[in-house]
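This report goes through selected local features of one protein chain.

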Amino acid sequence: MPWISEQADSISWDRIEAILQQTVAEARQRICATPRRVLLLPPDITRMHSGSGQITEMLYNMLADEADVHVIPTLGQHVPHTPEENVTMFGSIPEEKIHPHDWRGGCVQVGEISAEEVSAACGGIADWPIPITLNRMLMEEPWDLIINIGHVVPHEVLGFANHNKNYFIGLGGKDLICAAHLMAARCGIENNLGNLITPVRHCFNLAEERYLSKLPDLYVQIVMARNDNDQLVHTGVYVGDDLDTYLDAAKQSREQNITVFDKPIQKMVCVMQGDEFFSTWVANKAVYRTRMVMADGGELLILAPGLKRFGEQDDVDALIRKYGYCGTEKVMADYQTCEDLQELAHGAAHLMHGSSEGRFKITYAPGHLGKEEMESVHFGYADLNEMMERYQPGTRREGWNKTDDGEEFYFIPTPSAGLWSTRERLYDRATGFNQ
């Protein structure tokens, strides 16, 4: 069970700081009385809105006087932060203490989830092994205390983000990330979203128990929800070192971060913040989190002022430009014969996740990409300035709105913070929502 758990309508920063002080005290009693080398593992800047960066800075300041404290943002295959982004995310933590994760060349294999175990977890949908390749600094340097920090929210691969996702995706190597993402895509994104234990999460739980049980680690997990003023506030903090710490946080997120509708929505407008989302790889969270509520023939409009590329790396960007978001059937057919898709299997999974499968239209209003580029990957294009003027996102609350000429639309200012679904798509799935 969690060491610390707290729920409230709104948890203030002063209260969060007190909980973190208690966390450090508990860690001294349970893990190491006098930690000399400490590793903090927060999310990257795409989760800046969660306040995880500020939590990381608080923990750093609590421990830095007596310990050598290091930070590795759990980037996965995302682009490493610039020094300026590190300041934005982590405040006063010195740049030399923040280390970029190298998912290609900076990992070591510590084990494997066998093909038989993978197949058993997903009913034979996937039948390949998942090599457990993890950040070399994490696995090979001595640590007295490791603190994972993150935001528990519905997620397209693991049902809910955070917990050991920090390790197996955030600090994972290329082979691990590719195998796990392809497995999740084959299981079906809409079967993953909002489930407590997905097939991939089950495999990660096995890997954590088998290969990471000796790490001196704990989790600090926060849950957020919108208050009566339509502001995202902290509503839950869970601290501990076991699976129940994740499950308790995920159950609260399931209650607070999933919006259920009786009927599908014809027009949805989302904003992907310009200081967090620079590629469709991450901005497509707007697609993932709303797809289960979109009406057949409807339109999802994504206002993305920071959008300037498709993939997080050049080769993944080129892959997306080559194949586009063309649907699961086409991607998997190409995957059987195309070496570049096989080499970047996580990219193939992303193309499946990001497609509407022809059910509804996805239109981007990007800040730095043109009409021809967007349409080449099978997305629609709209002019950002015109869409900002028409839909006026800065004046809207989450929920139903109307334009000046009477067009009705549902507005979501932070789609990465939740999940929106019809009752039918959420509850009548191949995998049980209530598991």
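Predicted model: local features only at pLDDT ≥ 70, side-chain atom pairs only at ≥ 80, totals over all residues.

**Annotated span**

According to an unreviewed UniProt entry, residues 15-184 carry the annotation "domain: LarA-like N-terminal".

**Helix pairs**

Two packed helices are described by the angle between their axes and the distance between the axes. The table lists both quantities for the two pairs.

| Helix pair | Residues | Axis distance | Crossing angle |
|---|---|---|---|
| α4 and α9 | 115-122 and 199-211 | within 8 Å | roughly 140° |
| α14 and α16 | 328-335 and 345-353 | within 8 Å | roughly 160° |

With the axes crossing at roughly 140°, α4 is oblique to α9. The crossing of α4 with α9 is right-handed. On the α4 side the contact is made by Glu117, Val118, Ala121 and Cys122, and on the α9 side by Pro199, His202, Cys203 and Arg210. Sorted by class, five residues of the contact between α4 and α9 are nonpolar, one is polar and two are charged.

For the other pair, the angle is roughly 160°. Angles over 145 degrees count as roughly antiparallel, and α14 and α16 are therefore roughly antiparallel to each other. The crossing of α14 and α16 is right-handed. Here Thr328, Val331, Met332 and Tyr335 of α14 touch Ala345, Ala348, Leu351 and Met352 of α16. Sorted by class, the contact of α14 with α16 holds seven nonpolar residues, one polar residue and no charged residues.

**A buried strand residue**

Thr235 sits in strand β10, which spans residues 232-240. Its relative accessibility is 3%, so Thr235 counts as buried, the cut-off being under 20%. Leaving out residues up to four places away in sequence, Thr235 is in contact with Glu6, Gln7, Ala8, Asp9, Ile11, Val223, Met224, Ala225, Gln252 and Gln256.

**Positive phi in loops**

Which residues other than glycine have a positive phi, near 80° or near 45°? Asn162 has the value near 80°, and Gln392 has the value near 45°. Asn162 belongs to the loop that joins β8 (159-160) and α6 (165-168). Gln392 belongs to the loop between α18 (384-391) and β16 (399-402).

Technical notes. Residues numbered from 1 in each chain as written. Heavy atoms only, no water. Axes fitted to C-alpha atoms, helices over the stretch in contact; angles between N-to-C directions. Helix = DSSP H or I, 4+ residues; strand = E, 2+ residues; numbered from the N terminus. Parallel < 35°, antiparallel > 145°, perpendicular 65-115°, else oblique. Left-handed = near helix turned anticlockwise from the far one by under 90°. Contact = heavy atoms within 4.5 Å. Nonpolar A, V, L, I, M, F, W, Y, C, P; charged D, E, K, R; others polar. UniProt positions renumbered as here; feature names shortened; annotations may be inferred. Buried < 20%, exposed > 50% of the residue type's maximum accessible area, 1.4 Å probe, protein only.
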